[in-house]
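Dear colleague,

I am handing over the structure below, and my notes on it follow. Please read them with the coordinates open.

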Amino acid sequence: MDDRLLTEIERQRKYLNRLPSDFTYPLFNAKQAIQSQRASGYRDTASAGREIVDNAIEAGAHQIHIVLDTEKEGNLKGSVRAVAFIDDGPGMLPQMARYAMSWGGGSHFDDPSFIGRFGFGLPNASINQTKTTAVYTRTDGQNGFTKVWLNIDDYNEYGMQTIHEPEEDVELPKFVQSYLSRNHITLNHGTVVVWDKPDRLSFRKVASLKEHLINDFGVTYRYLLATDKRDRLNDFELIIEGTRVSPVDPLFLLPEGRYYLPEEDGGAHLAYEHSIPVKYVRNHESGERHLRRVEELSEIDRSDDEAIAFGIILVKVSRFPHNFIQGRNVKDKDITDANRRFEIRKTRRGMSFVRAGREIQTFDAFPRKSKDEGEGLGSWPALLAYAYHWGIQIDFQPELDDVFGITNDKQSVRPTEDFWRILAEENIDDVLRAQQSKLQDEADMRRRIQLDISTISLRPTRAEEAARDADAAEGRPPQIPQYERDTVRDRFDARVSKEAERTQKPLEEVRQALLAEAKRKPYQIVYEDSKHGPFYEPEWGDPGQIHVKLNRSHPFYAEIYSKIVSLNGGDEIKDGIDILLLTLARAELTSEDKDMRDWYEAQREDRWSPYLKRAIKNLQQRRQHGTTTEGQNESLDENGEVVI
């Protein structure tokens with residue numbers, strides 16, 4: 001019977017009746033537990049594969065090869081039927097291999113300095129991608145390989161479940177043997193992990209999966225793959241289908257990283273670097289744990305019974321110059337390094353957390369609520385388009401895992417509030433806002449150079465901010481009249497589609513970004529050229545955004561507006577005119593009476609603009625001839641009064 005038709009007690013009896021009479025109530029019931037673990041939080045094949053690579057690095061492997069087996073061996077277009085991770089580490093003793101296949105079966109629990117310590121990686125990551133995993137290992141060339149395996153279909157729903165006894169002196173899979181032979185590799189000691197018939201790969205084709213792994217591993221292990229002694233944290237190579245993985249630094253500061261450029265040649269600029277000594281303490285009375293900044297060397301006292309851990313948080317901020325990163329809006333054959341950098345930044349916009357030289361996650365959920373700022377968590381910039389052009393990285397050691405909320409799969413971070421407070425106390429939020437502001441100013445200046453001083457401002461002008469603040473004080477933001485809402489919505493939807501096509505971003509991401517921008521800047525003065533148009537025209541922009549379109553072809557712009565900014569104090573006069581135009585536009589656009597709206601439009605287009613044009617023309621003539629009335633010269637008496 002469908003569970004939804006049963007009462008809670010009836011449902012309990014249904015499932016209890018399935019248990020055998022000798023049921024021993026184990027801590028985990030294998031079938032359900034394994035199916036639950038299959039859905040663990042690995043985002044894709046690369047994130048699951050990192051667990052196997054982590055194990056090899058920790059074991060001391062110098063080379064790690066990842067081999068993809070297909071129906072037609074060597075065919076990059078073929079579908080993957082097996083994945084092998086081959087490392088030349090010391091290998092495992094037979095019973096250790098069996099132990100490692102179980103959840104919690106690790107050997108690093110007592111040493112938090114390793115990349116991993118929980119013993120979940122091998123089984124967790126493997127069953128996430130396949131039902132059948134085999135581990136082949138040996139510790140010296142005198143003996144054959146030992147094999148242990150896990151096939152989740154072997155396990156019943158109830159009862160005691162164990163890892164099978166290892167098989168001794170077995171042969172490696174043929175595709176692994178073939179790869180080792182072709183590349184003249186003698187694996188006297190080491191481990192081979194094989195995912196057989198994987199059913200949950202991110203990509204089925206060899207070429208696509210290979211590219212996916214190369215790109216992800218290049219970023220994740222960038223400091224471990226670096227060959228420069230100053231940057232390298234380990235001595236190993238990672239090879240995927242014969243291609244050596246090169247480091248990829250999303251901050252583009254690592255000289256060996258792909259797509260790196262020296263700063264003097266237009267590359268990334270190290271804008272900020274700062275080390276913060278910290279201690280993690282427990283209050284014995286309350287049980288509360290807190291992160292504190294270490295102010296004095298004497299505070300680093302290992303005998304302090306309240307101290308849980310000491311460490312250093314290293315903060316690094318980079319900024320990218322104009323054209324260093326460019327959106328991908330070209331055909332594949334025309335893609336540049338700037339386009340490739342954009343693809344890297346697109347998935348790593350935010351704060352990169354690096355633990356023991358291995359990246360965990362790029363975190364994009366900065367504290368942004370007014371409540372967060374009030375509680376001292378900082379005032380962080382919104383991660384909009386400009387966040388592609390700066391990067392921030394946080395480095396820490398495993399001793400501080402609890403501070404960063406590191407999960408057992410090393411896939412995510414959950415920083416404590418104290419972490420954000422310390423960064424705010426060190427003014428890191430100010431540093432990021434300054435970087436974003438600088439980029440906005442530079443973009444504004446480039447636009448001004450291209451379109452002259454009358455260009456659209458990328459940041460709100462003083463007048464636009466004043467109008468926005470007036471709405472806030474009044475408590476009544478401008479509302480789109482009912483008769484115009486469909487038009488505004490359709491125009492916005494078309495803009496979202498066009499922008500999504502141009503940037504290759506998801507529609508909803510573009511929609512939310514544009515709505516956020518409209519909320520940030522509800523008023524905007526823009527410029528157009530319309531030979532016979534009115535001197536200004538109001539228009540609804542994105543939902544809730546009022547535009548005033550100033551006509552550069554009208555004499556009002558050429559003879560008055562554009563000349564004001566060159567005067568002493570001209571900016572203040574321009575602000576006043578802008579406020580007046582925004583007020584008129586608001587009144588016209590928000591009129592709920594359609595007839596009144598039409599009257600406004602007719603007056604502006606048919607009466608005010610032609611009249612203003614004629615009046616300015618007459619004013620020009622009087623300036624040229626120095627007259628006040630036709631044929632009569634203007635002069636002033638000793639008191640400054642006009643005399644004829």
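In which loop is the place of Y259? Y259 sits in the loop between β8 (243-244) and β9 (269-282), where helices (H or I, at least four residues) and strands (E, at least two) are DSSP runs numbered from the N terminus. This is a predicted model, in which local features need pLDDT of at least 70, side-chain atom pairs count only at pLDDT 80 or more, and totals for chains, interfaces and linings use all residues. Residues are numbered from 1 along each chain as its sequence is written, and side-chain values use heavy atoms, with hydrogens and water left out.

Phi of Y259 is near 70 degrees, a positive value in a residue other than glycine. N427, which is not a glycine either, has a positive phi of about 65 degrees and is found in the loop between α12 (417-425) and α13 (428-451). Most residues other than glycine have a negative phi.

Among the buried residues are K210, H212 and D216.

An open sheet of 6 strands has the order β10-β9-β11-β14-β12-β13, with mixed pairing (two strands pair if DSSP finds at least two bridges between them). Because β10 (289-293) and β13 (358-363) stand at the edges, each with a single partner strand, one side of each is left without a neighbour in the sheet. Within this sheet, β9 and β11 (residues 307-319) run antiparallel and are joined by 12 bridges, and the bridge partner of Y280 in β11 is A309.

Best regards

Definitions and conventions:
Buried means under 20% relative accessible area, exposed over 50%, partly exposed in between (1.4 Å probe, protein chains only).
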